[in-house]
Amino acid sequence: MGAFFYGISLQWKLDIRSKTLLITCYIVPLLFFAIMGGIFISVMPEARYTLIQSMTVFGVTMGALIGLPPSLVEIYSGDIKKVYKANGVPLYLGLALTNISAYIHLFIMSIILYISAPLVFHAKIPENPGIYFISLAIFIAVSLSVSSIIGLAVKDQAKTSMFSIIVFLPSTMLSGIMFPMELLPEVLKIIGKLFPASRGYQLMTASIFKFGNFLPLLLVFILATTICNILLRRMDK
C-alpha cells in the first residue's frame with residue numbers, strides 16, 4: 001500500500017510540472033475549438049449538429065497521442081523507473097496512474113467543450129447525452145491505450161514525438177471530423193477506419209448505441225492493453 005501511495009505522490013508531482021499535459025489537453029484543443037469552430041459553422045452551417053463531437057475527437061486524440069507518450073518515456077526511460085524499483089513500486093503502476101491522470105484531464109476538457117460549444121457557436125447538444133458520455137468514456141480509454149504503446153515502445157523523446165504525429169495526423173484527417181468520409185477515396189476510408197478517432201466519432205454522433213461501432217474499439221483496446229502488458233514485462237526483466 002505504501003508503494004501505491006508513493007506512486008500516486010510521484011505522479012502528482014510530474015503532472016504539476018508537465019507543460020506538455022497542459023498544452024495538449026487544454027490549450028491546443030480549446031484554441032482549435034475557438035478558431036475552427038466558427039470556421040466550421042460558417043463554411044458548413046450543418047456542422048453545428050456535430051461540432052461538439054468533432055472538437056472533442058480532435059481534443060482527445062491530441063491529448064492522448066501527443067500528450068501521454070512523453071510522460072511515459074520520462075517514467076520508463078529515465079531515472080524515475082529506477083526510483084520505482086528502489087521503492088518497490090510495480091512498474092505497471094506508472095502506466096496506470098499516468099493513464100488515469102490523462103483520462104481525467106481529457107474528460108474535463110471534453111466537458112468544457114460540451115458546455116461552451118452551444119453557448120459560443122450555438123452548437124446542437126447530442127440527442128442522447130447519456131449515450132454520448134458513455135461513448136466519450138470508451139473513446140478516451142481506447143485512445144489512451146493506443147498512445148501508451150508509443151510511450152512504452154519508443155525510448156527517445158524526439159522519436160516519440162515523431163511517431164505520435166505520424167499517428168495523430170491520419171487519425172484526425174481521416175476520421176470524418178474535417179469533412180465527410182464519403183468524400184474520401186475508398187483506400188483512405190479503409191485506412192481511416194483503422195484509427196480509434198473515426199470509430200469514436202461515429203459512436204458519439206449516433207443517437208443510439210451501435211455495437212458495430214463499439215466492437216472495433218473494444219478489439220483495439222484489448223490488443224493495445226495486451227501489447228502494453230508485454231512491453232512492461234520486458235522492461236521488468
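Visitor: What links Tyr103, Phe107, Tyr114, Tyr132 and Phe133 into a cluster?

Guide: Ring pairs join these five residues; rings of Phe, Tyr and Trp (its six-membered ring) pair if their centres lie within 6.5 Å. By that rule the count comes to 10 aromatic pairs.

Visitor: Why is the pair of phenylalanine 32 and phenylalanine 58 called stacked?

Guide: Their ring centres are 3.8 Å apart and their planes meet at 10°, and planes under 30 degrees apart count as stacked, over 60 as edge-to-face and the rest as tilted. The pair ties together parts 26 residues apart in sequence, because phenylalanine 32 lies in helix H2 and phenylalanine 58 in helix H3. Helices (H or I, at least four residues) and strands (E, at least two) are DSSP runs, numbered from the N terminus.

Visitor: How do you know whether phenylalanine 58 is buried or exposed?

Guide: Phenylalanine 58 has 6% relative accessibility, so it counts as buried; the cut-offs are under 20% relative accessible area for buried, over 50% for exposed and partly exposed in between (1.4 Å probe, protein chains only). Phenylalanine 32, at 15%, counts as buried too.

Visitor: What is this picture based on?

Guide: This is a predicted model, where local features need pLDDT of at least 70 and side-chain atom pairs count only at 80 or more, while totals for chains, interfaces and linings use all residues. Residues are numbered from 1 along each chain as its sequence is written, and side-chain values use heavy atoms, leaving out hydrogens and water.

Visitor: What makes a nonpolar core, and which residues touch the most other members of the largest one?

Guide: A core is a set of buried Ala, Val, Leu, Ile, Met, Phe, Trp, Tyr and Cys residues joined through side-chain atoms within 4.5 Å. The largest has 49 residues, and Leu51, Tyr76, Leu106 and Leu152 touch the most other members. H3 gives the most to this core, with 13 residues. A second, separate core of 5 residues includes Ile138 and Phe214.

Visitor: How many helices and strands does the protein chain have?

Guide: The chain has 10 helices and 0 strands, and 48% of its 237 residues count as buried.
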